[in-house]
Amino acid sequence: MTAPSTPCALLVTGGAGFIGANFIHSFLAANPGCRVVNLDLLTYAGNLENLKGIEGNPSYRFVRGNIGDAALVANLLKEESIDAVVHFAAESHVDRSISGPEIFIRTNVLGTQVLLEESRKHWQSEARPGFRYLQVSTDEVYGSLGATGFFTEETPLAANSPYSASKAGADLLVRAYHETYGMPVLTTRCSNNYGPYQFPEKLIPLLIHNIVARKPLPVYGDGQNVRDWLHVRDHAEAIEQVLKRGEPGQVFNIGGNNEWKNIDIVNLVCDLLDERLGRADGENRGLITFVKDRPGHDRRYAIDAAKIRAVLGWEPSYTFERGIAETIDWYLANQEWVADVTSGAYRDYYSSQYGERV
Ligand code: NAD
Ligand code: DAU
């Protein structure tokens with residue numbers, strides 16, 4: 001089913017983070033005449049540098065604030081005549097959820113409930129036939145796979161970390177708003193993203209950052225855990241298509257059929273950086289350090305993206321070979337950005353997270 005009208009006035013939450021910023025860049029470029037209001041609290045993970053180049057764009061407005069602030073959300077929805085909410089804002093790092101789960105419940109569950117409730121009132125306050133609420137969720141809500149099989153949209157939710165439990169809780173609230181109030185909601189569940197503007201607490205930018213500084217590369221457990229990697233711009237494009245053409249109430253898995261064992265990714269990034277940094281073959285692999293495993297570490301993620309391919313015709317455009325090479329080059333060319341985001345609080349995080357491990 002095609003949406004009755006195409007959403008063009010968007011409230012994007014968490015747009016100063018990794019995926020949100022990439023989405024805003026691509027949405028504004030592809031939809032001249034449309035408007036984006038970016039509501040972001042600017043936590044440690046939010047960075048306005050990620051939106052460089054669009055600050056002066058009259059189709060864009062940044063508001064610093066909390067998704068859990070009902071009055072603020074209500075005002076923005078009304079004064080900007082919002083016809084779609086795209087909800088990225090979250091606490092997003094599994095390791096942080098293990099050392100401090102509370103903020104994950106506050107932001108990801110309670111914050112999402114506030115956003116849903118204000119969206120419902122806004123949607124019901126006047127006829128908004130094209131209104132959409134899109135929940136950006138994750139494949140982690142499905143739990144862990146064994147050596148075979150894939151997550152489909154019908155796989156039962158079986159979250160294992162405080163992070164994924166908070167995302168699963170939010171997903172169920174989104175479902176409830178559809179079942180109970182008939183609210184036009186959509187949910188996307190994507191696999192691991194990589195690309196520009198990712199905070200270097202996540203595996204790929206952390207590896208690049210440490211290799212440049214010749215620091216140990218912490219590999220959790222035996223390094224055999226599998227993740228299914230997708231370029232962030234392909235994720236952004238998929239979200240736009242779901243937003244415009246997805247049938248309300250539906251869930252769409254998003255993934256690029258690109259499974260890698262962690263140790264193979266680590267070796268690949270090491271080798272690509274040997275070449276780029278003019279180091280001897282194998283030099284960077286010498287930095288690899290196996291460390292204590294992440295508690296509850298999910299063994300394998302793998303997305304079956306057949307539905308979004310069949311229903312919406314979405315296909316990833318990046319090969320992994322191209323995407324990872326461009327990503328490494330982006331981080332090397334943007335060392336100032338890396339230095340900015342890893343100053344101050346990042347150092348405290350790094351020593352409390354890895355101090356005893358490496
Ligand atoms: P991120 O941590 O880079 O960015 C999160 C953003 O949310 C930051 O800008 C932060 O300031 C903002 N934020 C946090 N709490 C807020 C609050 N209370 N109010 C307003 N803003 C707040 O995260 P990301 O990697 O870009 O992930 C974005 C979304 O995509 C998340 O919902 C995540 O669960 C989901 N997701 C991520 C991946 C991945 O690989 N990174 C994959 C699938 C789904
Ligand atoms: O699958 C989607 C999810 O992908 C998103 O919902 C999360 O927001 C996002 O953070 C990501 O979660 P992961 O836990 O898979 O990503 P992370 O980059 O933290 O870890 C990837 C793999 O690498 C995982 O198996 C743990 C391992 N790892 C990670 C770090 C940071 C290491 O071995 N060493 C490390 O230092």
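Strands here are DSSP E runs of at least two residues, helices are H or I runs of at least four, and both are numbered from the N terminus. Two strands pair if DSSP finds at least two bridges between them.

A word on the basis. This is a predicted model, where local features need pLDDT of at least 70 and side-chain atom pairs count only at pLDDT 80 or more, while totals for chains, interfaces and linings use all residues. Residues are numbered from 1 along each chain as its sequence is written, chains are lettered from A and ligands numbered from 1 in the order in which they are written, and side-chain values use heavy atoms, with hydrogens and water left out.

Strand β6, residues 185-190, runs parallel to β11, and four bridges join them. T187 stands opposite V251 in β11.

On to ligand 1. Which residues come nearest to ligand 1? Out of 28 around it, they are I19, D40, S92, Y163 and K167. The shell criterion is a residue heavy atom within 4 Å. K167 puts a polar side-chain atom 2.6 Å from a ligand 1 oxygen. A polar backbone atom of F18 is 3.1 Å from an oxygen of ligand 1. For T43, a backbone N or O atom lies 3.0 Å from an oxygen of ligand 1. Polar contacts are N or O pairs within 3.5 Å. On its own, ligand 1 has 840 Å² of accessible area, and the protein covers 96% of that. These areas are Shrake-Rupley values with a 1.4 Å probe.

Where does the shell come from? α1 (18-30), β5 and α5 each supply at least two residues. The largest share, three residues, comes from β5. By class, the shell has 13 nonpolar, 13 polar and two charged residues. Nonpolar covers Ala, Val, Leu, Ile, Met, Phe, Trp, Tyr, Cys and Pro; charged covers Asp, Glu, Lys and Arg; the others, Gly among them, are polar.

Ligand 2 is next. It is surrounded by 24 residues, the closest being T138, D139, Y163, R294 and H297. E140 brings a polar side-chain atom to 2.7 Å from a ligand 2 oxygen. Y354 has a polar side-chain atom 2.7 Å from an oxygen of ligand 2. A polar backbone atom of P218 is 2.8 Å from a nitrogen of ligand 2. Alone, ligand 2 exposes 680 Å², and the protein buries 94% of that. α6 (203-212) and β8 (217-220) give two or more residues to this shell. The largest share is three residues, from β8.

How values were computed:
Polar contact = N/O pair within 3.5 Å; in protein donor to acceptor, adjacent residues only side chain to side chain.
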